[in-house]
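Dear colleague,

I am writing to hand over a structure for your study. Please look through the sequence and the model below before you read the notes that follow.

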2 protein chains.
Amino acid sequence: MPAEASDSTASAQAAPQRASSRLRLAVIDRDPGFLQVLANRLDSLGWEHRSLSTAVTAEALVSMRLNALVLDISVLGPGGWEYLERVCGRLPGLAIVICTGPSSVGQRVRGLRLGADAWMTKPCHAEELICVVEAAIRRHRRNEMPELEGALIFGEITIRPDLYQAYAGGVSLELTAREFEILHLLAQSDRVLRREEIYERVWGYAMAHGDRSVDVFVRKLRQKLRQASPGCSYIHTHFGVGYRFAAEFEDGGVPTPAPQDLEPDPELTFG
Amino acid sequence: MPAEASDSTASAQAAPQRASSRLRLAVIDRDPGFLQVLANRLDSLGWEHRSLSTAVTAEALVSMRLNALVLDISVLGPGGWEYLERVCGRLPGLAIVICTGPSSVGQRVRGLRLGADAWMTKPCHAEELICVVEAAIRRHRRNEMPELEGALIFGEITIRPDLYQAYAGGVSLELTAREFEILHLLAQSDRVLRREEIYERVWGYAMAHGDRSVDVFVRKLRQKLRQASPGCSYIHTHFGVGYRFAAEFEDGGVPTPAPQDLEPDPELTFG
DNA sequence: TTTGCGCGTAAAGAACCTGTTACCGGAGCG
DNA sequence: CGCTCCGGTAACAGGTTCTTTACGCGCAAA
């Protein structure tokens with residue numbers, strides 16, 4: 001039973017979905033005193049952190065699976081704005097706090113507009129900086145983890161977030177971690193989800209153009225769903241848009257007591 | 001009810017069906033100059049906003065359906081911290097920015113820990129304050145989309161943004177993604193849209209000179225609308241200008257509970 | 001009424017989107 | 001160390017959608 005075998009992978013890769021106890025932070029800065037004070041404070045709080053003396057690629061940041069990034073934009077020189085924009089675009093779920101020396105209103109506005117979550121001016125107290133970072137992370141997290149609680153039931157399928165697995169008639173579908181996360185996300189949202197949306201919320205960062213991973217996983221899910229529950233179709237394609245989850249009998253009926261079968265116009269529904 | 005509520009944008013609520021994409025902001029402050037400058041800037045950005053001279057209950061804030069709250073915590077006196085905590089607990093999805101005079105690190109830390117998203121120190125530029133508010137809202141909004149996009153109803157047609165589809169009496173119009181986007185855009189805007197405007201907002205870039213794509217899509221839309229709802233006409237051509245969406249019976253009546261009774265000259269009705 | 005230009009309509013090829021399969025690198029496990 | 005399984009990438013086929021082009025009509029101005 002590989003059901004619970006891959007949990008470490010899951011929690012590591014899906015940082016935004018799983019509430020990891022330790023927060024992960026990176027600091028791009030070169031001020032030894034600042035770094036020292038901040039590091040001490042972060043250690044005592046139990047955060048995982050690392051300092052970088054220069055910009056690293058967005059891909060490298062992705063692989064670090066960070067919750068937050070503190071950036072002194074002055075160490076990047078004139079290319080700092082582009083770098084900020086690139087990082088914000090690639091990691092929309094990352095909390096970014098600019099912490100740098102004196103600046104103009106125009107600079108601060110520019111940084112915030114590009115996607116930074118907050119701007120702190122040095123010198124500042126480590127305590128306050130950490131509070132600002134926490135506030136930024138808090139916002140991100142509130143969105144990404146609604147509640148994983150009770151089981152969801154759609155047609156013949158039962159989704160158990162507490163077990164990271166889905167079942168049909170008591171039999172496990174043997175979903176992998178990724179497969180389960182995508183199924184869970186689709187089932188939770190009662191609407192069409194674009195591929196980019198699915199990717200961003202499951203993988204934790206922006207989907208690269210032309211990436212087909214979501215399609216391939218949907219195919220795997222459909223295969224397992226079909227095998228376990230041949231009478232229903234669950235994942236529906238919306239051409240040019242994305243995917244939507246809804247349990248529907250092959251003959252067209254709707255088995256679930258669907259919460260949203262509100263026909264738009266009851267008074268016009270004749271025949 | 002709160003003290004004086006200067007609702008500067010009452011006219012914006014004209015269309016009850018529309019899910020307004022405008023941001024809603026409240027300011028609790030007593031500095032006339034600050035309020036004036038901020039109001040001007042917000043008006044030009046098209047935000048709905050109101051100012052309050054004192055604290056209002058959390059329930060009142062709920063009923064305002066705000067996106068953000070800007071608060072000068074000094075106007076609340078010693079009970080301000082409790083108030084902040086109460087509001088943060090009651091409205092976890094509300095972006096809260098404290099904007100007040102000089103403060104200690106301890107105060108700022110306390111405010112942020114209680115749930116505020118950012119702390120600005122007066123005097124500050126309205127532009128920067130707005131950027132900070134936007135940064136806070138940006139994250140909150142991401143996952144609140146499912147609720148925000150309610151169905152739009154015009155005549156016999158129901159537009160469901162969550163399903164990327166339009167219906168007539170419960171039957172899908174089978175719109176393609178592009179067709180739906182154009183219909184949705186037209187239905188959202190209660191006015192004549194020029195082709196260039198439609199193209200730019202749907203395609204995402206400027207329309208090439210002589211491009212007829214919008215016309216072709218309007219034709220397809222009209223065909224499907226006519227087939228699904230023969231009694232009404234929905235997309236109206238304004239010769240030399242563009243298109244306008246409005247459900248109208250073929251015989252000239254107006255099926256929607258539209259509040260427009262008086263209008264001797266529809267052509268001149270602002271748009 | 002005439003004229004010029006904008007608009008509706010139709011069709012065909014280009015471009016795009018999706019399902020599917022095969023393959024490869026890497027992580028975890030025995 | 002080798003094995004298995006998982007995640008991710010590339011490629012192809014088939015179907016759908018979008019864009020372009022052409023032609024004729026209708027609207028507005030002279």
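**A loop residue in chain B**

Tyr164(B) sits in the loop between strand 7 (157-160) and strand 8 (165-168) of chain B. Helices here are DSSP runs of H or I with at least four residues, strands are DSSP runs of E with at least two, and both are numbered from the N terminus. The model is a predicted one, in which local features need pLDDT of at least 70 and side-chain atom pairs count only at pLDDT 80 or more, while totals for chains, interfaces and linings use all residues. Residues are numbered from 1 along each chain as its sequence is written, and chains are lettered from A and ligands numbered from 1 in the order in which they are written.

The phi angle of Tyr164(B) is near 55°, a positive value in a residue other than glycine. Is Tyr164(B) buried or exposed? Tyr164(B) counts as buried because it has 22 C-beta neighbours inside 10 Å. The cut-offs are these: a residue is buried if 20 or more other C-beta atoms lie within 10 Å of its own, exposed if 12 or fewer, and partly exposed in between, with C-beta atoms placed from the backbone.

**Further backbone features**

Glu174(A) also has a positive phi in a residue other than glycine, near 60°. Glu174(A) belongs to the loop between strand 9 (171-172) and helix 7 (177-188) of chain A. Because 14 other C-beta atoms lie within 10 Å of it, Glu174(A) is partly exposed.

Pro123(A) is in the loop between strand 5 (118-121) and helix 6 (126-144) of chain A. In chain B, the peptide bond from Lys122(B) to Pro123(B) is cis, and its omega is near -5°. Pro123(B) lies in the loop between strand 5 (118-121) and helix 5 of chain B.

**Chain A as a whole**

Chain A contains 9 helices and 12 strands. It has 271 residues, of which 34% count as buried. Among its contacts between residues at least 6 apart in sequence, 60% join residues at least 24 apart. Two residues are in contact if their C-beta atoms, placed from the backbone, lie within 7 Å.

**Where the two chains meet**

The contact between the chains takes 33 residues from chain B and 30 residues from chain A. On the side of chain B that touches chain A, helix 4 (105-114) and helix 5 (126-142) of chain B are the elements that give two or more residues. Helix 5 of chain B provides the largest share of that side, 9 residues. The side of chain B divides into 17 nonpolar, 7 polar and 9 charged residues. Here Ala, Val, Leu, Ile, Met, Phe, Trp, Tyr, Cys and Pro count as nonpolar, Asp, Glu, Lys and Arg as charged, and the others, Gly among them, as polar.

Helix 7 and helix 9 (213-228) of chain A, with helix 7 (177-188) and helix 9 (213-228) of chain B, each supply at least two residues of the surface near DNA strand D. That surface divides into 8 nonpolar, 6 polar and 8 charged residues.

Around DNA strand C there are 21 residues, and Arg219(A), Thr237(A), Asp215(B), Arg219(B) and Thr237(B) come nearest. Helix 1 (7-13) and helix 9 of chain A, together with helix 9 of chain B, are the elements that give two or more residues to this surface. The residues near DNA strand C divide into 7 nonpolar, 6 polar and 8 charged.

**A helix pair in chain A**

Helix 7 of chain A and helix 9 of chain A pack at an angle of about 90°, with their axes 10 Å apart. Axes are lines fitted to C-alpha atoms, for helices over the stretch in contact, and angles run from 0 to 180 degrees between N-to-C directions. The two helices are therefore roughly perpendicular, a word used for angles of 65 to 115 degrees, whereas those under 35 count as roughly parallel, those over 145 as roughly antiparallel and the rest as oblique.

Yours sincerely

Methods
Near = placed C-beta within 6 Å.
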